[in-house]
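Good morning, colleagues. Please look at the sequence and the model on the screen while I take you through a few selected features.

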Amino acid sequence: MSDERFDVVVIGGGHNGSTIAAYLAKSGLSTCVLESRPECGGGQENTEVRPGFRIDPHATYLYGGAAPGFDQLELWKYGMRMVYYASMAGVATLDGQAANLGGRWRPDLGDAAIKRYSPNDLEGPGRIFDQLGEGPSRELLRALFWTPPFPEGAEIDPRDMPWWKVFRQYLPNLFFDELVDMSYVDFLDNFVQWDPLKVVGAFGAWYCGAHPDWEGMLLQSLGGTLLYSYASGAPRGGMHTYAHAIIRCAIANGARVMTNAPVGEIIVNNGRAVGVRLSDEAAFPEKTIWADKAVISGVDVKQTFLKLVGKGHLDPSFTQRVDDISLKGGSLFVMSVICRELPRYHNKEEYFPQDVYPSCVIAPADSFEYFRTQTRDAYSYKKPPELTPEHLTMMICTHDPYDSTRCPDGYHVLSPIYLEVPPPQYDVTGAQGINRHKEEITKAALGVLRQLAPNMTEGNIVDVFVNTPYDSEFRNAGMVGGNWYGIRQSEDQWFSNRPLPELSRYRTPIEGLYLCNQTSHPGGLCLMAVPYNLMHILIDDGIANPGSWWYPSPHYMKDLKPTASISRKTALETDVVK
């Protein structure tokens with residue numbers, strides 16, 4: 001086939017790649033999306049593990065409820081439908097005195113449990129979410145995730161960072177200067193007394209993004225859990241229906257989407273990205289696709305610079321720093337259980353109405369030391385967990401009571417069940433270390449589940465499916481580190497530092513090459529945040545000119561001096577002409 005030419009070429013048709021394509025196509029730009037797999041969607045895929053039963057191997061809940069993209073891209077026109085429920089997180093103890101905690105939208109369900117075990121936790125700073133309300137929660141989330149990083153050289157008082165600015169606006173009586181330097185664990189230790197409640201908070205933050213032990217990341221950790229509770233639901237039919245809506249939007253606005261089209265090389269001419277060449281494995285091998293305005297990489301930062309851009313175009317010190325980026329954010333061992341009857345957790349009826357089922361339970365959670373133990377396994381020891389309850393605290397999620405499309409009548413899909421483990425790259429027992437222990441970890445985890453819900457017997461459980469972090473990476477190359485985090489979400493890897501300071505605004509040392517991937521700020525999850533943030537930069541650089549449907553972040557700071565690209569100091573003086 002002959003070569004083709006577009007305004008913009010997007011590498012990768014996962015969540016970020018397909019979303020930026022929708023934004024650009026709606027802005028009137030000719031846009032081509034190149035996806036290496038047979039279908040787009042990346043981490044939003046659904047899998048039919050047996051006829052009639054569908055699970056989400058990766059992303060499950062809709063964390064992007066506060067995203068401007070829902071109305072900007074009008075996703076409801078393209079089939080996006082949500083299934084809502086009373087957002088609830090739970091905690092169950094192994095002594096039989098289980099307590100399930102209600103989420104923000106049903107505080108009455110949780111208050112009964114807290115009142116019984118720790119009445120002092122009903123008031124005070126520990127109930128930040130309840131005091132925010134829906135509108136301020138949305139503004140806080142947008143300040144955290146849907147605000148592009150500030151330009152290099154911007155000097156801002158930490159108290160005036162967008163998220164603290166919103167916090168001080170809506171909760172002035174709760175703010176004090178020490179909060180800015182706190183970790184979420186510091187906050188829990190100071191303002192929450194009941195250990196199970198602290199465990200729910202800490203694990204919720206870890207599973208959703210910023211680890212609660214990172215100093216100076218209090219609101220980022222809180223924000224991760226708020227992302228989940230704010231949406232209070234999931235796409236009907238699973239996360240892949242969310243991907244379908246975005247891709248339909250892109251195509252409806254004129255984008256071209258090519259699958260089975262892995263990119264072998266980003267073509268750089270005189271320091272500028274001018275197109276891509278497909279790999280030999282592509283359905284159209286060696287095909288060249290030219291980009292008149294920009295090439296946007298939706299694949300992670302390491303693949304972009306260490307594989308797709310030739311070393312001859314970059315300074316060796318830059319490529320070394322890219323290679324050194326840490327992926328030590330923890331990772332996820334994911335279980336899905338098909339059963340005939342949902343778990344009957346201890347004392348569930350005591351705290352929940354007959355027609356309400358907890359969407360998420362974090363257990364066992366008797367002691368905050370359980371959180372410490374699992375953190376040591378994943379971060380310090382970097383090894384598979386020991387097969388005892390304190391090493392196997394899990395997040396147990398259930399979808400099908402709200403979405404009957406997932407399985408046939410008479411069955412249920414208990415999925416996902418998450419357990420934190422080390423990323424394959426850092427597992428001291430080897431990249432396949434967790435895989436070698438997959439069966440015994442699964443057996444032990446099911447044993448813990450039976451202690452929480454005795455009806456989860458072998459007769460009730462029909463089938464169990466597991467994907468380890470290694471399985472996730474093998475299945476989906478976008479799962480950097482085996483999960484959606486991308487890289488560490490600590491203070492030195494956040495906002496204007498992520499993934500490297502000179503890359504945090506999505507520009508690169510190669511003119512016309514931009515980042516829109518899992519390792520960019522804010523990274524991970526399916527938020528439509530990275531594409532939304534990138535649009536600000538593309539508009540400033542004169543590449544995109546959207547219509548009146550577009551609105552920027554109120555916290556966005558333009559470049560301190562006009563520039564079409566970041567400094568070329570890291571590019572070689574003499575480039576290789578392709």
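Let me begin with a term: a residue is called buried when its relative accessible area is under 20%, exposed when it is over 50%, and partly exposed in between, using a 1.4 Å probe and protein chains only. The model is a predicted one, in which local features need pLDDT of at least 70, side-chain atom pairs count only at pLDDT 80 or more, and totals for chains, interfaces and linings use all residues. Residues are numbered from 1 along each chain as its sequence is written, and side-chain values use heavy atoms, with hydrogens and water left out.

I turn to backbone angles. Y506 has a relative accessibility of 0% and therefore counts as buried. Its phi is near 75 degrees, a positive value in a residue other than glycine. Y506 sits in the loop between helix 17 (469-475) and strand 17 (513-515). Helices here are DSSP runs of H or I with at least four residues, strands are DSSP runs of E with at least two, and both are numbered from the N terminus.

N260 also has a positive phi, near 50 degrees, and is likewise a residue other than glycine. Is N260 buried or partly exposed? At 34% relative accessibility, N260 counts as partly exposed.

Strand 9 brings us to the strand pairs. Two strands pair if DSSP finds at least two bridges between them. One of the bridge partners is L278 in strand 10, which faces V263 as its partner. The two strands form a hairpin with 2 residues between them, and N270 in the turn has a positive phi of about 55 degrees.

How many residues of strand 10 are buried? In strand 10 (residues 272-278), 5 of the 7 residues are buried, so that the strand is described as mostly covered. Strand 10 is also joined to strand 11 (residues 288-297) by 3 bridges, again in an antiparallel arrangement. There, G275 has W290 of strand 11 as its bridge partner.

Next, a helix pair. Helix 5 (residues 134-144) and helix 6 (residues 162-170) pack at an angle of about 160 degrees, with their axes 7 Å apart. Axes are lines fitted to C-alpha atoms, for helices over the stretch in contact, and angles run from 0 to 180 degrees between N-to-C directions. Helix 5 and helix 6 are therefore roughly antiparallel, a label for angles over 145 degrees, where under 35 is roughly parallel, 65 to 115 roughly perpendicular and the rest oblique. The contact (heavy atoms within 4.5 Å) is made by P136, E139, L140, A143 and L144 of helix 5 and by P162, W163, V166 and Y170 of helix 6.

Two cis peptide bonds follow. The bond from A363 to P364 is cis, with omega near -5 degrees, and P364 lies in the loop between strand 13 (360-363) and helix 14. The bond from S415 to P416 is cis, with omega near -5 degrees, and P416 belongs to strand 15 (residues 412-421).

Finally, Q374 is in helix 14 (residues 369-381). With 0% relative accessibility, Q374 counts as buried. Beyond its neighbours within four places in sequence, Q374 contacts several residues, including F203, W206, H391 and E420. A polar atom of the Q374 side chain lies 3.4 Å from the backbone oxygen of H391.

Technical notes
Polar contact = N/O pair within 3.5 Å; in protein donor to acceptor, adjacent residues only side chain to side chain.
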